[in-house]
Amino acid sequence: MAKQRKIALKVPFVTRLEGEGALELSAKGDTIDKLYLKIFEPPRLFEKFLEGKSYQDVPDLNARICGICPMAYQLTSVQAIEDLFSIQLPDHLIQLRRLMNLGEWIQSHSLHIHFLAIPDFLGFESALSMAKQHPQVLQRGMQIQETGNALMTLLGGRSVHPVGLQVGGFGRLPELANWDAARQQVDQALPAAVELLRWTASLQLPDYSHDFIWVSLKHSEIYPINGGDITTSNGLTLHYWQYPDHFKEHQVRHSTAFYSLLDGKDYLVGPLARLNNNVAILPDSIKQLVNDNGLVFPNQNMFTSIQARAVEIILALTEAQQLLAEPCPTGDAHLPVTPQAGECCYCTEAPRGMIYHHYQLDDEGRVINCTIIPPTSQNQARIEQDLKYSVKKFGLNNSDDALKFFCERVIRNYDPCISCSTHFLEFKIVRK
Amino acid sequence: MSQQVNPTKLTVALHKLTSCSGCQLAFLNQGATLLELVELVDFKHFIEAGLNHPDEKVDLAFVEGSVSTPEDLKRAQQIRQNSKLVVSIGACATSGGVQALRNMADGNAWMQAVYTRPDFIATLATSTGVAEHIKVDFELWGCPITVRQVNHFIRQLLFGARPRPEAEKLCMECKRRQLVCVMVTQQAPCLGPVVRTGCGALCPAFGRACYGCFGPSEQPNCHSLANRFAGLGLVPREIAQRFASIHSHSKPFRKESHHWQAIEVKEIE
Ligand code: SF4
Ligand code: SF4
């Protein structure tokens with residue numbers, strides 16, 4: 001019987017992800033008995049080599065966790081340590097951090113949409129092979145991505161592993177000419193982003209909605225990047241200190257990335273989780289755009305993640321425009337820092353989801369120990385659950401190629417940034 | 001670099017070993033020039049961009065990431081076999097990257113500390129640059145490498161020129177930019193005098209000391225700089241830490257770091 005066919009499919013890499021990874025699926029008839037998202041992390045052991053390092057070196061080293069969201073890792077540690085040292089930044093520095101953060105979201109989301117996701121929708125192997133037939137789509141994407149990079153560079157010197165951010169503030173304030181140039185770039189990118197949202201709203205999206213828990217920061221006044229409570233869709237509101245009470249990590253044989261569960265259950269972090277939790281706080285103009293384009297949040301269709309990213313790009317550009325409309329800030333670039341011993345923790349929203357950091361420092365501000373939980377290990381269990389549900393609904397009787405492509409698309413919705421924990425993933429289907 | 005490369009359409013692969021993927025962004029962050037680049041070269045393998053043909057023979061293979069697992073090692077060897085030219089890109093591929101900090105410690109103990117089941121994970125005791133394992137034709141240093149480095153390198157090849165490494169000291173670039181020296185004015189322990197140029201002297205421009213993400217320059221006099229740091233008031237442990245950062249496993253930095261690590265500070269009662 002065709003349904004009972006045995007299939008052993010092995011694809012070495014799932015492409016168009018940040019980092020490299022694999023999937024293993026074994027099925028007999030209609031029953032999946034194994035479905036693993038495999039992350040073979042060449043362990044980089046950040047939590048160990050940070051031990052003994054000074055608080056001043058932590059942000060530079062942490063950046064290297066991920067090339068696409070270096071600032072998120074820098075900032076989470078910086079904020080935690082500033083809390084411990086009782087440093088309260090003045091308003092203009094808080095705003096500059098927000099501006100840089102927005103830049104990282106714009107850059108990362110745009111990279112995801114254009115290089116990683118869109119080829120799925122337009123039927124191409126890669127963005128590079130799309131260049132001839134859809135130059136305007138790619139150019140629009142690059143314009144937005146460059147704008148994000150420019151904002152990071154304005155404040156950090158470069159967009160990958162920026163050097164501007166430090167405990168106590170920044171190395172220096174932006175120069176007027178660069179400030180003005182960034183404003184112009186943002187002004188030009190905003191209409192492109194509105195166009196992008198309209199375009200993503202016109203896509204025919206598959207729908208494999210099902211019940212799941214989502215988790216993000218939530219703030220009463222401002223769309224959360226950095227600050228707010230950890231908020232879960234099943235009713236919890238937690239302070240960062242309570243993170244370890246509810247979120248637990250464990251190791252499994254098939255993956256080097258840890259699995260993180262919320263009270264024993266898988267959960268989603270990332271743009272869709274954030275937008276689901278914070279749609280009420282969007283500025284009216286953006287709510288209007290969401291409505292006009294026929295989009296509805298909260299929702300539980302992971303394929304709408306591309307739209308959630310587009311909405312967040314508009315939000316980020318709109319806020320950046322407001323911040324840059326102010327005069328180029330003057331005053332101190334940083335506050336004096338006096339190290340203190342103790343424990344600290346913090347959460348921020350990286351482009352791909354919430355990050356948690358915990359540090360114990362000695363009285364010179366050297367790391368005694370630390371814990372860093374990236375978004376990917378939090379999403380890993382959720383991706384597997386989604387695949388189990390969606391693949392069955394899609395139909396195990398599909399060809400291996402169709403199944404493989406479908407699984408890849410599902411995984412790409414999550415935009416797992418695999419190298420933050422890992423690097424090597426393999427796709428394997430065994431049908432008995 | 002003796003091999004002949006077809007100057008019209010260079011075939012290119014981009015491989016990733018143990019890394020943060022940041023150096024690949026020197027390709028994906030190019031903006032409009034990426035569209036020009038794909039006119040000039042033919043990407044065959046570049047997973048993140050969607051091209052998955054790891055075993056195809058190419059003219060030029062860029063390798064990002066360090067060798068830190070048995071799998072990395074196997075792939076490095078395959079890359080060598082399949083490529084006319086092998087170019088390592090970034091700190092990870094040139095000197096083992098930040099993850100090489102484990103080389104100075106007991107890597108096994110670290111694994112035990114981080115993982116409850118380290119036996120689930122195949123890893124080498126050290127993280128090392130690609131050239132420690134296979135012949136590498138050219139190295140682009142930097143964490144991350146820049147768009148300019150990549151394009152300059154490719155254009156040189158296309159023009160049939162022999163690419164030359166940029167290895168002059170960061171200090172020179174800093175002076176050319178007329179930046180204020182952070183070591184002289186702030187007593188900041190800047191690695192600029194022994195670090196390779198390429199970043200545009202970013203950190204001094206931000207009023208801070210260079211921490212060495214472009215690796216050792218030509219003829220670095222690390223020892224004399226380290227003595228200067230001691231003069232600025234750094235204790236040996238702090239001097240060792242300065243050199244034990246992004247390029248801790250590069251020969252000159254490793255040597256200096258080990259030297260100062262071995263010195264105990266004796267408290268005078
Ligand atoms: S050299 Fe630096 S930027 Fe490049 S992959 Fe390694 S850690 Fe990332
Ligand atoms: S100044 Fe030094 S640490 Fe800073 S970016 Fe340049 S090479 Fe890297």
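Here are a few questions and answers about this predicted model.

Reader: Happy to start with the sheet: which strands of chain A are the edge strands of the open sheet of three strands?

Author: Good place to begin! The strands follow the order β12-β13-β14 in chain A, with antiparallel pairing. An edge strand pairs on one side only, and that picks out β12 (342–350) and β14 (367–373) of chain A.

Reader: And what does the twist average from one strand to the next?

Author: The sheet in question is the open one with the order β12-β13-β14 (chain A). From one strand to the next, its twist averages 15°.

Reader: Which residue in β13(A) is the bridge partner of C344(A)?

Author: Let's look at the two strands together. β12(A) pairs with β13 (residues 353–361) of chain A in the antiparallel sense, over nine bridges. In β13(A), the bridge partner of C344(A) is Y359(A).

Reader: Now to ligand 2: which helix gives the most to the shell around it?

Author: Ligand 2 lies between chains A and B. Its surroundings include R158(A), along with L202(B), C203(B) and P204(B). The shell divides into 10 nonpolar residues, one polar and one charged. With three residues, the helix that gives the most is α9 (residues 202–205) of chain B.

Methods: Residues are numbered from 1 along each chain as its sequence is written. Chains are lettered from A and ligands numbered from 1 in the order in which they are written. This is a predicted model: local features need pLDDT of at least 70, side-chain atom pairs count only at pLDDT 80 or more; totals for chains, interfaces and linings use all residues. Side-chain values use heavy atoms; hydrogens and water are left out. Two strands pair if DSSP finds at least two bridges between them. Helices (H or I, at least four residues) and strands (E, at least two) are DSSP runs, numbered from the N terminus. Axes are lines fitted to C-alpha atoms, for helices over the stretch in contact, and angles run from 0 to 180 degrees between N-to-C directions. A residue is near a molecule or strand if one of its heavy atoms lies within 4 Å of it. Ala, Val, Leu, Ile, Met, Phe, Trp, Tyr, Cys and Pro count as nonpolar, Asp, Glu, Lys and Arg as charged, and the others, Gly among them, as polar.
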